[in-house]
Each structure stands twice: as structure tokens, then as C-alpha cells.
Amino acid sequence: MNTLLELKNIRHAYGQQTVVEDLSLTLRKGTIGCLLGPSGCGKTTVLRSIAGFEPISAGEIWLNGVVISSPSFCLPPEQRHIGMVFQDYALFPHLTVRGNVGFGLHRVGKAERAQRITDMLQTVGLTHDAEKYPHQLSGGQQQRVALARALAPRPDLLLLDEPFSNLDVTLRARLSLEVRDILKNQNATAILVTHDQEEAFAIADEIGVMHQGQIQQWDTAYNLYHKPANRFVADFIGEGVFVPGKILGPNQVEIELGVLQGEVAHRCGPECQLCRSGGSVDVLIRPDDIVHDDASPVRAVVMQKAFRGADILYTLRLPGGSTALSLVPSHHNHPIGEKIGIRLEADHVVAFSRQV
Amino acid sequence: MKASNGEALQSAGTDSNVNTGSSFYSSSIRAVRTSVGWRLIPVFIATLVLIPVGTVVSSLFAPAGDVWQHLVETTLAELVANTFWLALGVSLGTALLGVSLAWFTAVCDFPGRGFFSWALLLPLAIPAYVIAFVALGLFDYVGPVQTALRAWLQSDLAWFPNVRGRLGVIVVMILAFYPYVYLLARNAFLTQGKRTLEAAQSLGFDRTHGFVKLSLPMARPWIAGGVMLALMETLADFGTVAVFNYDTFTTAIYKAWFGMFSLSAASQLASVLIVIVFVVIIVEQRMRSGMRYAESRQSARIDRIPLSGWRAWSIAALASGTLFLAFILPVSQLSIWAAGVFASDFDQRYLEFLWHSLLLSAVAAALTCGVALLMVYAARRHPDRITGAAVRISTIGYALPGAVLAVGIFIPVAWLDNQLSEMALRLFDFHSGLILQGTLLTMLIAYLTRFLAVSYNPIDSAMHRITPSIDEAVRGFGLTGWAALRRVHLPILKGGIFTAASLVFVDVMKEMPITLMTRPFGWDTLAVRIFEMTSEGEWEQAALPAVTLVLAGLLPIIFLMRQAEK
């Protein structure tokens, strides 16, 4: 229903080197999607293939029920009606903000054009900077100009290539929420590419974690964090460590700190350890799964600590020798080397077959 | 009073960093004295540049002499027309050729692109007047090309274009000067990157429209800058038009001075030319200010638009045709000629020309670089309005045609000479004769004026790499004065000074009008030899000196190419 964009098993290679392999995704109208992954995972290539700047060597890309890319056909980028916000913004330095925003409005009448520019400038809050040149703007303002310019022609789909990577961290956090509001307000469909998960969580409705040219999991931020589909996603999203565990029975796993109850999501395959009692598994323990409790009999040694304002992230050595993270309110300030009491407090289980 | 002393002390602290605390007043006085010294240097040099300009401009208002009257009646209209068509033709031609070659080598891909992108700079090594006399030697009525065609076709070749005409000069100058436009436009296209085109495409423009609506306007300041450089070279050119006997202001100045022996008429002609040049400078300065806005950010990866089929081959043909006509053909022909006359021409006289050229170039390079260094330091220490203005004035000499400078410097020198010998006669009853005229000193002042900008710019940009924090860090290690200069500044500036020196060296070697008009009698250089031989149509005799100039000219081009390929 209402599918706007569909990638069907696309493949892309630069010469001999395959960058994207058998990648599929669907995006509904009005959704903000995100491709999240470490650098070199192929996410930008996917974006550029959607935009039409890169040809694909297998599969198909559909937009609005029409094929726009296939190995034998590539609709020119200018005919796709897809907007793009570039990583370096690619603002036109010889044009004012107004000129930049109006640049793509070459097929509309003069009055409508002026109106649309005014609307867009208002949307991004640059009404008073309309006559300035890009070099007179701050990084955040340039970013907004790039967004307004791309949105002005009302593209069917907006692509954002690492749009906040040139901004400092505090501005990044603020602007990503702002951009989400603007996109939702314009009822735009968009795909964002980033390596920063907080950015992805702040903007996107659905996120695809990419690794080695493939989407490992396409899901909401909540599910990526709490129900990672595989080890890579578990590792890449959020913080946490794997501790050894043993399957006791259906929905029961024992680790050093106690027994975890909860559905063990898994897909059975060869050498699957998850579906049988006594199977050796690795259990993902997030920092919020371990609670500091002075009364607890279980003691762990503080090995490292990172002060984060409200919390302190402790790296602990458990009595059995394995390592775990614990997020503790920062007034519980313990020196390195001290033994502190901890307690397991997890309501679900993320486990994978033990890697030999 | 107190406040001004405080400021002086502060500047003493930053200047010498010797803060012994011995005497408040002595250190502040010393600071004021050195600061005055640093301020005087640029002002002095600026005055040196302004004297010839003032001399020439003032002759605009001088009473018309007989010779001037004669010139106005007979040749002035022709000079203006010739200059106008030449300027127009060369501007359009260099813009068209330079921009298209720049675009295809920077943004597209075609067979041989990597080779052409640097090879197309090679013509910069050949002085325009050398291309000119080779072209005449080859394509003139008695040249081998027409002779062979006549024999082959059994026809009188009435359709063959007159090589000596206006079109011939224009074509030769386009071939000689297009690299200026090519270099700057290519730089602009490279820094825009393909990203700009992609942005245009994502906004619904195809590539052709993207180029016309975006890339071209974005590169406009650079293109215009390149065309202005070509235009100034055209207006300043003496050798090429002399070879073609195509009269412009520069040759007219020479003829008025050395043919009709009227320095005043020469000066009046120079004044008309200087007005034209000033108009160009003003336009150029405005274009330059546009470059500031167009910030350039190197995009990470330039993936070029692959061209194939007839497009690719026609562009490869354009590039190789240009390279052939502007470099390969002249160099080959010169080599053949030079090889033919080598046995007879490589003699004591040739070595004398060579020695004069080398000596003059080396001394001029050392002088201009030394002055440029002083100016750069002066501007760094006192970045105020007066120093800034003085630096700008001092570096405007590059725009002044050599013929104009020669006249503008010779007149005050001659006047000073007369004053000096009169004084010597009156005070000491001594016939001193002419002291300054016809000495190397006059020439060197003219070279300094003309080429200071050439050495100033590389040294200045090298100096920009020494940030204030570097100076502070050096001071933090306890290094001051000479030690800091030797161990930090000089190593950083070394590259810039070397570039500057080699550029000036080659420019002086190629320089024709100043050398011709202000040299000591009989003191001939390679360029003068080329002028004398070509004015008699002795192309072969000019070949050996020309080959020498081309070889020397390749030196800075190699640096340029290294930069361009980065």
C-alpha cells in the first residue's frame, strides 16, 4: 500500500569491486527512511543509484510504480523528480540564498516561483537571509538552504547524503530534529544516509543497518536496539557486550549473573545453539540491563569509568572474569578498582549462537 | 602620549621580542624607528612604479610636437583599429579555446585526457614571438608549406589565407595565450567538481543546461581572469606584432623612438596605451573581487563524465590539434632550423648573447625576489592601509607593457643624468658624461617594476602558510630574530622564493621591448638577437636563441604542471 520507492535485489559494482549486493527495500509515501552503517558499507552508493548518478548492474529500482533503474535502463537524474541534499551541500556560491532556493523552480511561473521561495525560506527560517550569499552563512544555515533548495520543486523523494556530518555535535542534534519537523510538515518522503545512529534515531521512521553492501535489518529504531537481527546489528547499534550463556529451556537462558526470561528470537540454521537445551550462546547485555545495587551479593570490579553527566558508564569485571557495562546514576561515584554490587534487570533476551 | 608609547612598546614586543626591560623609552623609540623603516620600503617601491606611470601619463597633456602631429594624421587611426581587433579576436579566441579545453579535461573523460591535461600547458614555455616567426617561416608565401602545395596542386594558391594579415597575428596569439584561460578555468571546474552538475541534475537540469546555467557562471570570475591575462599580454606584446609587421602601439612606440628619434612622441603613444591598459586593469580587479565570493572547496572525488564515439574523438582531435599547432610544430621546426645552423651559429657571439641573458635574468630574479621578500614582510608587520595601498601599486607593474615602461623610465633617468652631469661640471668642472643612461641599472629598474608582482605573489602565498600561531610557537621554543628566520621562516618560504625566482628568470629572458630599448649599446641578449634576425626574415638564424628560450621556459611550466595535476 502506498509504496513510493522499491529497490529489488539491486547490485552495484565499481569495476571488479562489488559495493552493493542483492539489496532490497521498500519505502511508503510520507516515510523517512535511513541507511545507517559504517563508512564504506555502500550506503552512499545506494543513495546515488536511487538518484540516478550510478547505474546498477542487477535488479530494479521502482519509483511511483515505474522502473527508473535497471541494468539496461537508467532514467537521467534530472527526469526522476528526486531531490538531493549533498554532504557538502553543493550550494551555488555565485547565487544568493533566494537564487539557490529558486534554482530548481524553472518550470513554474514567476509568481508561483516567488511564492514558493518565500514559503520555503519561511519553513527553514531564513526569511531574513534571502539576499545573502552562501559564504556569508553559518554551517547550519547553509544546511537549511540546501534543504530548502532540494524541497522547493516538491520532489517525490528527497535524498540526504550525510547531511549533518559537517556540523558540530550540538548543532547536529538540534538540526536533525528540526529537519524531521520540516520533512513531516512538507509531507515529504525521504531517505537519509548516515553513520551516526543518534542522527538516524532522531530523524528516521525506519532504519536499515547496512554492512558489506547489504541491509542487515530494516526496522524501527526500537527494534534495532532491542531486537537486533544479527550479531553485527547488535554490535553496531548502541552499547553492550556479549557474555557467555547456556540455554536452559524454551525462553530461558542462564548467564553468570542469573537466569534471563524471555523469548529468544532466532532463525534456526546449521549449528544452531539456540533451539536446544544446553546450547552455548552469547547473550547481549546492554548497560541498562545491569543495575547498581549495594545490597546485591554479586560484586564486580570497576575497571573503567566514563562520566556522562547524568550517568556514569562503568566497565566492570564480573567474578567469572567476563566484562560487562553498567549505566549508573552519576552520584554513585566509585573509584577504579572498587568492588560494587550489581543486579541483572533485563526483561528480554538477545542471544546468538556461540561463535567458535 | 602615554597611550601611544604603550602601543609602541607593544609593537616592540612583537617585533623584536627582546624585552630586557632596560629602558621603556629607548625600546619604544627603537620600535618606532624600525616600524618606520618597514613602512618606508613599500612606499619607496610604489614611488618607483609611479614615476614611469606619471611620466607617461603626463605626456597625455604635453603639447603636441611635429612628430606626434604627423602620427595622428597618418597612423593613429590604424593603430587604434589594429589594437582593437587584435584585443577582441584574442579575447574571444582564448576564451573559446581555453574554456572548452578546460571543461573537457577537467570534467569529461576522453582518450588521452590525462596526457592532454598537462600537455596543453606546454605552449606557455614558448614566447609568442617565437610561435609567430615559426608560423611565418612555415606558412608564408615562400615558406615550405605553400611551396609544396603549389608544386603539388599546380596552382597559384590564390585561396590561401594571407598569413601576414590580421587573422594570422590573432591565431598566433590565441595559440600562445590560451593556456592562461585554460589553466584558470580548469582550476575552477576542478574545484566545482562534478557535484555541482549533480546538484543541477537533481533539480531537473540535464548536463548541457547544467553546464550553461551553473558551471559556466560559477567559473566566470576565473574565465574572465584568464581572458584578462591574455588581453594584457596581447596589449603588452611587442615581439609578435613586430614579426608580423602588424603595427600596434608597442611597435609604434619603438619606431617613434628609434626610427624618428622622438622620445616625446613615443611617450605620447605610450600614454594612449596606458589608458587602455588601465581600463583593462579596472575591469580585471572587479572580476577578481568576484573570485572571493566563489569559494572553492575541493570535492573528494572527481568522477568524470565518460565520452565515447565521435564526441570523444572530436575532443581528442581538438586537444591534439591545439597541442600540435601551439607546441609540437613550432618546437620541431625550431629544432630542425637550429640543427641546420648549429655548426655556424654556435660560436663566441652566441655564447655572449647567452651569457648576457643569463646574467641579466639571474640578477633581475635576485633583485625582484629580494624586494618582494621585503615587501611581504613589510605587509605582514604593518597590515595597515598605507602599506596595503603601496603593495597594490607596486605590483601593478605587471600590467604595464614593457614598451611603456621603457619610455617611462628612460625619460626620468635621462633627466637625472643631465642634472648630474651639469652638477658635476659646475661643482667639479668635470665632464662626467652620461652616468645612468644605457647602463644595466636602468634595465634592472624597469624589470623590477614590470616583474615585481610575478615574484611577490608566490612569496606572499608562501608567507600565508606561516600563521601567527606558528610565530608564537617558535617564540615559545625561545627562537627569535635570525634564528627564527633561518630555522622556520626560510624553510617554509623556500618553495615560494624558488618559484618566484624561476618565474622572473624566465620572464626576463623572454622579455623583448624593455631589453631592446634600454640596453647598453651593443649589449645584445638572446631576445634581442631574435628580434634583429626576425626583422630581416632570417628565421633560421633566430632558431638557436629561440630553442634556448624554450628550454628555459619549460622550467617553470614543469612546476605549474605539478600543481595542476594535484
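1. In this predicted model, helix α14 of chain B, which covers residues 348–381, packs against helix α19 of chain B, residues 481–510, at an angle of about 140°, and their axes lie 8 Å apart. Because angles over 145 degrees are needed for a pair to count as roughly antiparallel, α14(B) is oblique to α19(B). As for handedness, α14(B) passes α19(B) in a right-handed crossing.

2. Sorted by class, the contact of α14(B) with α19(B) holds 13 nonpolar and 3 polar residues, and no charged ones.

3. A second pair is found in chain A, where helix α4 (residues 139–151) and helix α5 (residues 169–185) pack at an angle of about 20°, with 11 Å between their axes. Since angles under 35 degrees count as roughly parallel, α4(A) and α5(A) are therefore described as roughly parallel to each other. The crossing in which α4(A) passes α5(A) is right-handed.

4. Which residues of α4(A) and α5(A) meet? On the side of α4(A) they are A:Gly140, A:Gln143 and A:Leu147, and on the side of α5(A) they are A:Leu171, A:Leu175, A:Val179 and A:Ile182. In the contact of α4(A) with α5(A), 5 residues are nonpolar and 2 are polar, with no charged residue among them.

Technical notes. Residues numbered from 1 in each chain as written. Chains lettered and ligands numbered in written order. Predicted model: local features only at pLDDT ≥ 70, side-chain atom pairs only at ≥ 80, totals over all residues. Axes fitted to C-alpha atoms, helices over the stretch in contact; angles between N-to-C directions. Helix = DSSP H or I, 4+ residues; strand = E, 2+ residues; numbered from the N terminus. Parallel < 35°, antiparallel > 145°, perpendicular 65-115°, else oblique. Left-handed = near helix turned anticlockwise from the far one by under 90°. Contact = placed C-beta atoms within 7 Å. Nonpolar A, V, L, I, M, F, W, Y, C, P; charged D, E, K, R; others polar.
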